[in-house]
Amino acid sequence: MVDWMKKKVSMISERLKLDPCPIGKNGFCCKICLMGPCRILDKKQKGVCGASQDLIVARNILRFVAGGASAHCGHSYHLLEYLNKHFPKNYIKNKAPPYLYKLWDKLGIIPKIKFEHFKDISEALHISTMGVNADYQDILKWCMKLGIIDGYYGMYLATELEDKKFRKPKVTSSKLNLSCLDPKKINIAVHGHEPMLAEAIIKEVNKNKDVNLVGVCCTGASILARHGIPLAANFVLQENVIATGIVDAMVVDLQCVMPSLSDLCECYHTKLITTNEIARIPNALHLPIKNEEDSRKVAKKIIDIARKNKKNRRKEAGQMFRKRVEKPKKVVVGFTEENIGVKKLAEMIKNKKIKGIIAVVGCVNPRVDVKDWIDVFKKLSKDYIILTTGCMAFEFGKYNLLDGKRVFHLGSCVNNSRIAEIFKKISDYLGKKITDLPFLVSCPMPITEKAIAIGFFFASLGVDAHLGYPFLISSDTNVAHFLEVVLKDKFKSRIFLDTDSHLFYNKINKGLKIHP
Ligand code: BF8
């Protein structure tokens, strides 16, 4: 057995001592060509090619959104391939509110033909290379286009395919946090975002009563919502899952999987298994799956590997785990656009029983005090209904707030499409446009490109989108002004920045409708 005490491995709390680049975090660093990187701190200053600060900021945001859209669209594309299904025709036209489709069509920001969205993602990278598009406002229009692509060809399509294949979630209770691991059993953790293999593992686990399955990140959120499988951790806690010393296999697909897991698995006995062809990790066992048949075989194999590996746990691991870990948190999960009670929510808005609906989505950035934000949303939940997904949803659970009364768990990050559907259904019921209703999407502490793409998707629907720290958009740039003020002309929404939870609370507590 590896002597874990002697191994030098850092956990995220240690690595956070590396300060973020003060220039890059504001989006002021341009490394698109090799005459730089240019660091443009002054509005009058230009990069070596002549790019202004606004152009640099806008290009950086577009590249971020393109990364996010490629991840969500890759997810749905992998599902189509896995299920051997064809790409649906006229998808956006069939899903979007007709008045919005008309607007987007007029602005020329929707892909029209099959797979054109992949071309648009690549085109976004093209227009943001050095010396192509120099109009920062046009580049921000592209961000909206990629937001729509992210929403429909990524999140909507992935959610729909998963619901059809693996069933639509039902409201159920479950539990959450590291204590979902069981020292007596063989523990397998499934981590990542594409739940195809995890679904096959669930079937095998049902036949093997000595196996305990838990989820991590969005693969975890997905099987929590659909099957009530306990969720052990969100992104920030993924290393701690291995550091419990009682996880016999960590099975990862893709996205938000820390490369450090490989180092940790060298120090503990955990077997790290990668399962997606495009996501390999050095020293991990690679068992890629392409279809259901593969998944069945690999699921059996994984149970076998974990079973054999259990004997390699440190002797005192179980005892140490029991000492260190707090009790599991009870949660109510499995809400969807169909079972949340859309009419009731609409009536509550109409009769002013609530001030509105706030969707709290996205990541939990370890550079931010998450408790502060949770406290703010807890206070706001007295007047607002809170919908939540992804890593933020885990935090609500950690603080005993996922009660299915004021705070509703809607699943993984691609399930943000459920939030968009709820907004659409409420607006249909009340006979109003989405933008005329008190809806807000807040992503208080983004980490990934996906989180920023999601913000642009909701803004394209006419929903205000709040982004917290870190932001890539410094508040005193023309870009920030454009996103907060000019966007309203066309989309009746704004993307705004607030890094201070208390200022955010004071603003929101006054009411959500900021536009005339
Ligand atoms: O898609 S919330 S850290 S886990 S990106 Fe990643 Fe952010 Fe967590 Fe899921 Ni979403």
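**Pockets and ligand site**

Tutor: The model is a predicted one. In the second largest pocket, helix 2, strand 4 (186-192), helix 7 (196-207) and strand 7 (249-252) each supply at least two residues of the lining.

Student: Which residues lie nearest the centre of the second largest pocket?

Tutor: H78, E194, M196, N276 and I289 lie nearest the centre, out of 20 residues that line the second largest pocket.

Student: And what volume does the second largest pocket have?

Tutor: About 310 Å³.

Student: How does its lining divide into nonpolar, polar and charged?

Tutor: The lining of the second largest pocket has ten nonpolar, five polar and five charged residues.

Student: Which domains does that lining draw on?

Tutor: Domain 1 (23-29 + 47-166) and domain 2 (172-324) each give at least three residues to the lining of the second largest pocket.

Student: OK, the largest pocket now. How much space lies in it?

Tutor: About 900 Å³. The largest pocket is lined by 29 residues, and the closest to its centre are G24, K25, F64, I447 and L472.

Student: Which helix gives the most to that lining?

Tutor: Helix 2, with three residues, gives the most to the lining of the largest pocket. Strand 1 (29-30), helix 2 (53-83) and helix 17 (449-460) each supply at least two.

Student: Why does the largest pocket lie between domain 1 and domain 3?

Tutor: Because domain 1 (23-29 + 47-166) and domain 3 (331-508) both give residues to its lining.

Student: What about the classes of residue there?

Tutor: The lining of the largest pocket divides into 18 nonpolar, five polar and six charged residues.

Student: Which residues are around it?

Tutor: H193, C217, C218, F235, C256, G362, C363, C391, C413, T448 and K450 are around the ligand. By class, this shell has seven nonpolar, three polar and one charged residues.

Student: Which domains does the shell draw on?

Tutor: Domain 2 (172-324) and domain 3 (331-508) each give at least three residues to the shell around the ligand.

Student: How far is the polar side-chain atom of H193 from an oxygen atom of the ligand?

Tutor: That H193 atom lies 2.7 Å from an oxygen atom of the ligand.

Student: And for K450?

Tutor: A polar side-chain atom of K450 lies 3.2 Å from an oxygen atom of the ligand.

Technical notes
Residues are numbered from 1 along each chain as its sequence is written. This is a predicted model: local features need pLDDT of at least 70, side-chain atom pairs count only at pLDDT 80 or more; totals for chains, interfaces and linings use all residues. Side-chain values use heavy atoms; hydrogens and water are left out. A residue is near a molecule or strand if one of its heavy atoms lies within 4 Å of it. A polar contact is a pair of N or O atoms within 3.5 Å; within protein, one must be able to donate a hydrogen and the other to accept it, and residues adjacent in sequence count only if both atoms are side-chain atoms. Ala, Val, Leu, Ile, Met, Phe, Trp, Tyr, Cys and Pro count as nonpolar, Asp, Glu, Lys and Arg as charged, and the others, Gly among them, as polar. Domain bounds come from an automatic or database domain assignment. On a 1 Å grid over the protein atoms alone, a cavity is a set of points where a 1.4 Å probe fits but cannot get out, and a pocket is an open set with protein on both sides within 12 Å along at least five of seven lines; lining residues have an atom within 4 Å of a point. Grid points are joined across faces, edges and corners, and a volume is the space filled by probe spheres set on the points. Helices (H or I, at least four residues) and strands (E, at least two) are DSSP runs, numbered from the N terminus.
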